[in-house]
Amino acid sequence: MTSKKILAALAGEAHEVPPVWLMRQAGRYLPEYKATRAKAGDFLSLCYTPDLAAEVTLQPIRRYGFDGAILFADILLVPQALGADLWFVTGEGPRLSTIDGQADFDALKPAGAVHDTLSPVYETLRILTGELPPETTLIGFAGAPWTVATYMIAGRGTPDQAPAHALRTGNPALFDALMDRITEATILYLSAQIEAGAEVVKLFDSWAGSLPADAFETYAVAPVRRIIAALKERYPDIPVIAFPREAGRAYAGYARATGADCVALDNSVNADWAAREVQCDGCVQGNLDPKLMITGGQDLVDETRRIVRAFSGGPHIFNLGHGITPEADPENVHRMLEAIRG
Ligand code: 1CP
């Protein structure tokens with residue numbers, strides 16, 4: 001038995017009041033986050049300064065008492081650890097060096113080199129294990145290989161991931177080599193996060209929905225299955241949450257195909273359908289439209305209650321369908337929690 005509700009839900013337990021945390025719960029909607037980020041100077045310094053990264057991880061736990069604390073870091077730290085240049089343009093987002101051909105791939109570091117860059121992240125987790133309340137679950141994470149590859153190839157976020165699709169179909173040998181390198185690096189990175197205290201790990205496949213049906217198995221399912229199998233071989237008890245965002249009907253069967261203990265649902269999925277077709281295989285998480293954290297009101301309360309009801313028959317972790325945005329009203333998080341916890 002565990003006093004940690006998230007771990008209990010991941011083990012298959014249903015709760016009348018589900019555990020809750022939010023994607024991007026440490027972020028720019030919180031004034032205390034902005035203050036710490038200003039102290040760090042820039043986003044990457046915040047990620048690589050363990051005391052400050054631990055501080056921003058803890059801020060939403062102090063303010064809201066969430067059941068889960070997600071490590072403060074970014075999915076793009078893995079490309080950087082593999083040798084890509086990474087910088088953040090204020091008001092625009094991340095920029096990376098691109099992968100256009102074999103020479104760019106050949107310049108990358110081997111997977112085993114990632115710890116040289118990422119060791120401060122492990123230190124953040126070690127700090128958090130000593131500071132979190134005993135009922136709070138510590139969540140580590142990484143990007144899933146396809147999503148990380150889209151950023152490494154294009155050098156930035158793109159609306160349609162066109163550069164990655166072009167490499168995938170135009171030079172499959174090079175694309176597969178890149179996917180392999182990211183997959184190996186991710187296994188090492190998440191293993192080190194678990195050694196440092198992560199009790200659950202989550203794989204973010206934010207662009208899984210842009211893969212056509214015939215490529216979904218190869219690039220969204222198979223690499224995630226390989227990562228989960230490798231982690232479970234070393235750490236049989238570690239639960240894994242996977243988020244194949246906008247997978248649509250491919251959400252059905254995804255947990256079985258990948259070995260994930262919990263599937264995170266975006267907000268385009270119908271909750272009653274997901275209760276039948278996804279929750280039958282284990283825990284589900286997510287689904288609330290993040291826009292409701294801006295608009296609030298009775299809609300927020302009604303939608304929150306509807307999702308709690310839809311998933312009340314099985315294991316469920318309450319969350320949003322995507323990250324909370326900088327425009328969200330911190331008071332609306334209290335309204336949502338009140339609707340869940342009463
Ligand atoms: O200005 C700022 O302070 C930076 C905003 C920000 C934050 C708060 C970025 C830049 N990353 C993060 C933290 C972050 N990113 C976390 C920390 C923990 C938490 O959730 O509180 C996590 C889990 C992520 C994951 C992440 N980064 C994803 C996957 C989830 C998703 O949102 O789909 C992705 C795609 C990224 C890349 C990234 N990092 C930052 C931005 C703005 C982006 C998106 C870039 C783009 O597509 O254009």
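Predicted model: local features only at pLDDT ≥ 70, side-chain atom pairs only at ≥ 80, totals over all residues.
A polar contact is a pair of N or O atoms within 3.5 Å.

Select Y151 together with the ligand: a polar side-chain atom of Y151 lies 2.5 Å from an oxygen atom of the ligand, so the pair falls within the 3.5 Å limit. Next, display D74, where a polar side-chain atom is placed 2.7 Å from a nitrogen atom of the ligand. Then show the backbone of Q25; one of its N or O atoms lies 3.3 Å from a ligand oxygen atom. Taken alone, the ligand exposes 900 Å², and the protein buries 87% of that area.

The ligand is surrounded by 22 residues, and the closest are Y33, R37, D74, Y151 and S206. Colouring this shell by class gives 14 nonpolar, four polar and four charged residues.

Finally, turn to the aromatic side chains, of which the structure holds ten pairs. Select F175 and Y219, whose rings form an edge-to-face pair, with 4.9 Å from centre to centre and 90° between the planes. To place this pair in the fold, highlight helix α10 (residues 172-195), which contains F175, and helix α11 (residues 213-234), which contains Y219. The two residues are 44 residues apart, and their pairing links distant parts of the chain.

Definitions and conventions. Residues numbered from 1 in each chain as written. Heavy atoms only, no water. Near = heavy atom within 4 Å. Polar contact = N/O pair within 3.5 Å; in protein donor to acceptor, adjacent residues only side chain to side chain. Areas by Shrake-Rupley, 256 points an atom, 1.4 Å probe, with all protein chains shown as cover. Nonpolar A, V, L, I, M, F, W, Y, C, P; charged D, E, K, R; others polar. Phe/Tyr/Trp six-rings, centres within 6.5 Å; stacked < 30°, edge-to-face > 60°. Helix = DSSP H or I, 4+ residues; strand = E, 2+ residues; numbered from the N terminus.
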